[in-house]
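I open this notebook to record what I looked up in the structure shown below. The entries follow the order in which I consulted it.

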Amino acid sequence: MTCFDRRDLGLLLLRLGTGGVLAAHGAQKLFGWFGGGGLAGTGMAMAAMGYVPGKQSALAAGLAEAGGGTLLALGLATPAAGASAAGAMAGAMAVHLPNGFFASEGGFEHAASLGLTAAGLAVSGPGRISLDHLLGHTVDRGWMVPAALGVTAAATLAVVGARTKRVRRAAEGEQTTLFDE
């Protein structure tokens, strides 16, 4: 019988907490649960934020959050799960970046915390209290960590870069008030 240590218990708690929050956040987008907008409402919001097409962007973000979060909580395919969740949170950070760091001001604090924790779990692994460990780490190999993080980083840079271009183009077309009346 294997004795679990503090590291295993700590990783389990991080996985359950972070994965649970991400899964719930994704369920808001996908199904409208927990007060979310579902695909239709979230799709309109995503398009307004510059992520177009909106509905497909909502689907991708929802799957990355709900799927990545669920897999993190289970400790299954941890490199891919952590990378996909981190990529989704990088997309959220891009939206909140103009508001500064703190969430109380609409900043990126919450997304950064979730994204960094998900990426950290992808790198550290799930610990021994996990499905990855139970299955002999067949979908949690060392080479999968840089592969998952690299592919996700490239895709995230492309998506966030395209969004940034759209947002800048839209802002350039807007007139601002020159004088107070």
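This is a predicted model: local features need pLDDT of at least 70, side-chain atom pairs count only at pLDDT 80 or more; totals for chains, interfaces and linings use all residues.

**Entry 1: salt bridges**

My search returned a count of three salt bridges.

I looked up Arg128 and Asp5, whose side chains meet in a salt bridge with an N to O distance of 3.7 Å. This pair links distant parts of the chain, since Arg128 is in the loop between helix 5 and helix 6, Asp5 is in the segment before helix 1, and the two are 123 residues apart. I noted that Arg128 has 27% relative accessibility and therefore counts as partly exposed. Asp5 also counts as partly exposed, because its relative accessibility is 37%.

I then turned to Asp8, which forms a salt bridge with Arg128, with the closest N and O atoms 2.7 Å apart. Here too distant parts of the chain are linked: Asp8 is in helix 1, Arg128 is in the loop between helix 5 and helix 6, and 120 residues separate them. Is Asp8 buried or exposed? I found a relative accessible area of 2%, so Asp8 is buried. Taken together, Asp5, Asp8 and Arg128 are linked in a network of salt bridges.

Next I examined Lys29 and Glu65, whose side chains meet in a salt bridge at 3.0 Å, N to O. Lys29 belongs to helix 1 and Glu65 to helix 3, so that the pair joins distant parts of the chain, 36 residues apart. I recorded both Lys29 and Glu65 as buried.

**Entry 2: aromatic pairs**

Trp33 counts as partly exposed because its relative accessibility is 47%. Phe34 has a relative accessible area of 60% and is therefore exposed.

I also looked up Phe101 and Phe108, an edge-to-face aromatic pair with 5.3 Å from centre to centre and 85 degrees between the planes. How do the two differ in cover? Phe101 is partly exposed, with a relative accessible area of 41%, whereas Phe108, at 17% relative accessibility, counts as buried. I noted finally that Phe31, Trp33 and Phe34 form one aromatic cluster.

**Entry 3: helix 5**

I then followed helix 5, which covers residues 109–124 and has 16 residues. From its first C-alpha to its last, helix 5 reaches 22 Å, close to the 22 Å expected at 1.5 Å a residue.

Which residues of helix 5 are buried? I listed Ala111, Ala112, Leu114, Gly115, Ala118, Leu121 and Ala122. I next asked which helices the buried residues of helix 5 pack against. I found helix 1 (6–31), helix 3 (54–74), helix 4 (78–96) and helix 7 (144–172). Beyond its end, helix 5 is followed by Gly125, whose phi is positive, near 95 degrees.

**Entry 4: a nonpolar patch**

My last search concerned the surface. I found a nonpolar surface patch of about 370 Å², made by Leu74, Leu131, Leu134 and Leu135. I located Leu131 in helix 6, residues 131–134. Leu131 counts as partly exposed, because its relative accessibility is 30%.

Conventions:
Residues are numbered from 1 along each chain as its sequence is written. Side-chain values use heavy atoms; hydrogens and water are left out. Helices (H or I, at least four residues) and strands (E, at least two) are DSSP runs, numbered from the N terminus. The expected span of a helix is 1.5 Å times one less than its number of residues. Buried means under 20% relative accessible area, exposed over 50%, partly exposed in between (1.4 Å probe, protein chains only). Contact means heavy atoms within 4.5 Å. Patches are made of residues with over 30% relative accessible area and no salt bridge: like charges are joined within 9 Å, nonpolar side chains (Val, Leu, Ile, Met, Phe, Trp, Tyr) within 5 Å. Accessible areas come from the Shrake-Rupley method with a 1.4 Å probe; for residues, only the protein chains shown count as cover. A salt bridge is a side-chain nitrogen of Lys or Arg within 4 Å of a carboxyl oxygen of Asp or Glu. Rings of Phe, Tyr and Trp (its six-membered ring) pair if their centres lie within 6.5 Å; planes under 30 degrees apart count as stacked, over 60 as edge-to-face and the rest as tilted.
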